[in-house]
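Keep the viewer open beside you as you read.

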Amino acid sequence: MNIREILKEKILIIDGAMGTMIQRHKLEEADYRGERFKDWHTDVKGNNDLLSITQPAIIQGIHELYLEAGADIIETNTFSSTTIAQADYDMQDLAFELNVASAKCARAAADKYTAMNPDKPRFVAGAIGPLNKTLSLSPDVNNPGFRAVTFDEVAEAYTEQISGLVNGGVDIILIETIFDTLNAKAAIYATKNYFRKENKAELPIMISGTITDASGRTLSGQTLEAFYTSVAHANPISVGLNCALGAQEMRSHVEELSSIAACYTSAYPNAGLPNAFGEYDEQPHETAHIIEEWAANGWLNIIGGCCGTTPDHIKHIADAVKNFKPRIQPTVEIF
């Protein structure tokens, strides 16, 4: 069943945090390395994307927990699976393989749950993260014109990632946690260019930005409306917000986006704001209670969770919104 048709009928549920669930396994350096990388010359603990190769059963198991909780869309474990991000571990040559492996983990889980209930098809979103280098901001406070990376380098890195995700079988390209819109534009360019050059039908694109503080702006300084305007040319299936804020702090931004977006909208907030130890205390019923109002107001098409959220959060959210109609997509021509 086509995801565009389903979005007309109901609010879709996207999954919750991958990192939070990986932390529950209390993995050590040897677990990350596995047999293949047991003699790797740098530490790799913390490279969660690598687990799709060394511990695929754990990653698929996490996907299945979210599907069991009610997720319609699961995200691949590829937030940092680019040559640029993997350079931190000197694993840039693994970028393509990481994306294929992660996509296959998610694909297997989604297909398993679709087969169990064909009336509820499950979709795989290929997650493309924001990178650890930005095109809009200088890392050197004494040289504001300096950039650690070029647009072409970012686009090339994203192209390899997209190729791996598509080869692994994703249904959607998800450009997420955007704090620098120029990085996102490189990802959009890479996506469009990849499908054009490969002469393949373009997959739907989801775009999700990050409002970093109470100012209502992205880290690179854009307002929400400016951010939306900057990416609308991609003709995405949805534009939304994720990370940085909890549901309570994200509320006004979700309302604003609902009023201006000519496509479907998405939101996946953190489980509140982190405490002094960097942990998230907001309980599933608390997150769901806040989000229920969003659904009642008709602001939502896709909803889920980000940092700190668990399958229990996703189950509560799914239960809270299941009886509400989705936001109606405006009949506005997207430029």
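A residue is called buried when its relative accessible area is under 20%, exposed when it is over 50%, and partly exposed in between, using a 1.4 Å probe and protein chains only. Helices (DSSP runs of H or I, at least four residues) and strands (runs of E, at least two) are numbered from the N terminus. This is a predicted model, in which local features need pLDDT of at least 70 and side-chain atom pairs count only at pLDDT 80 or more, while totals for chains, interfaces and linings use all residues. Residues are numbered from 1 along each chain as its sequence is written, and side-chain values use heavy atoms, with hydrogens and water left out.

An α-helix has 3.6 residues a turn, so residues three or four places apart point the same way.

A nonpolar core is a set of buried Ala, Val, Leu, Ile, Met, Phe, Trp, Tyr and Cys residues joined through side-chain atoms within 4.5 Å. The largest one has 89 residues, and those with the most contacts inside it are Ile173, Ile175, Ile207, Trp294, Leu300 and Ile303. Helix α7 (residues 95-116) supplies the largest share of this core, eight residues.

What about the cysteines? A disulfide is a pair of cysteine sulfur atoms within 2.5 Å, and the structure holds zero of them. Cys263 is in no disulfide, and the nearest cysteine sulfur, that of Cys306, is 19 Å away. Cys263 counts as buried, at 1% relative accessibility. Cys306 is in no disulfide either; for this residue the nearest cysteine sulfur belongs to Cys243 and is 4.0 Å away. Cys306 is buried too, with a relative accessible area of 12%.

On a 1 Å grid over the protein atoms alone, a cavity is a set of points where a 1.4 Å probe fits but cannot get out, and a pocket is an open set with protein on both sides within 12 Å along at least five of seven lines; lining residues have an atom within 4 Å of a point. Grid points are joined across faces, edges and corners, and a volume is the space filled by probe spheres set on the points. For the linings, Ala, Val, Leu, Ile, Met, Phe, Trp, Tyr, Cys and Pro count as nonpolar, Asp, Glu, Lys and Arg as charged, and the others, Gly among them, as polar.

The largest pocket holds about 810 Å³ of space. It is lined by 40 residues, of which Met18, Gly19, Thr20, Asn48 and Cys307 are the closest to its centre. Helix α2 gives the largest share of this lining, five residues. By class, the lining of the largest pocket divides into 14 nonpolar, 19 polar and seven charged residues.

The second largest pocket has a volume of about 200 Å³. Among its 14 lining residues, Ile11, Ile13, Ala318, Val321 and Lys322 lie nearest its centre. Here we meet α13 again, as this helix gives the most to the lining, with four residues. Six residues of the lining of the second largest pocket are nonpolar, one is polar and seven are charged.

There is one cavity of 30 Å³ or more. Strand β4 provides the largest share of the lining of the largest cavity, three residues.

Finally, consider the backbone. Most residues other than glycine have a negative phi, and most peptide bonds are trans. Thr177, in strand β4, has a positive phi near 55 degrees and is buried, with a relative accessible area of 10%. Lys26 has a positive phi of about 50 degrees, sits in the loop between α2 and α3 (29-33), and is exposed, with a relative accessible area of 67%.
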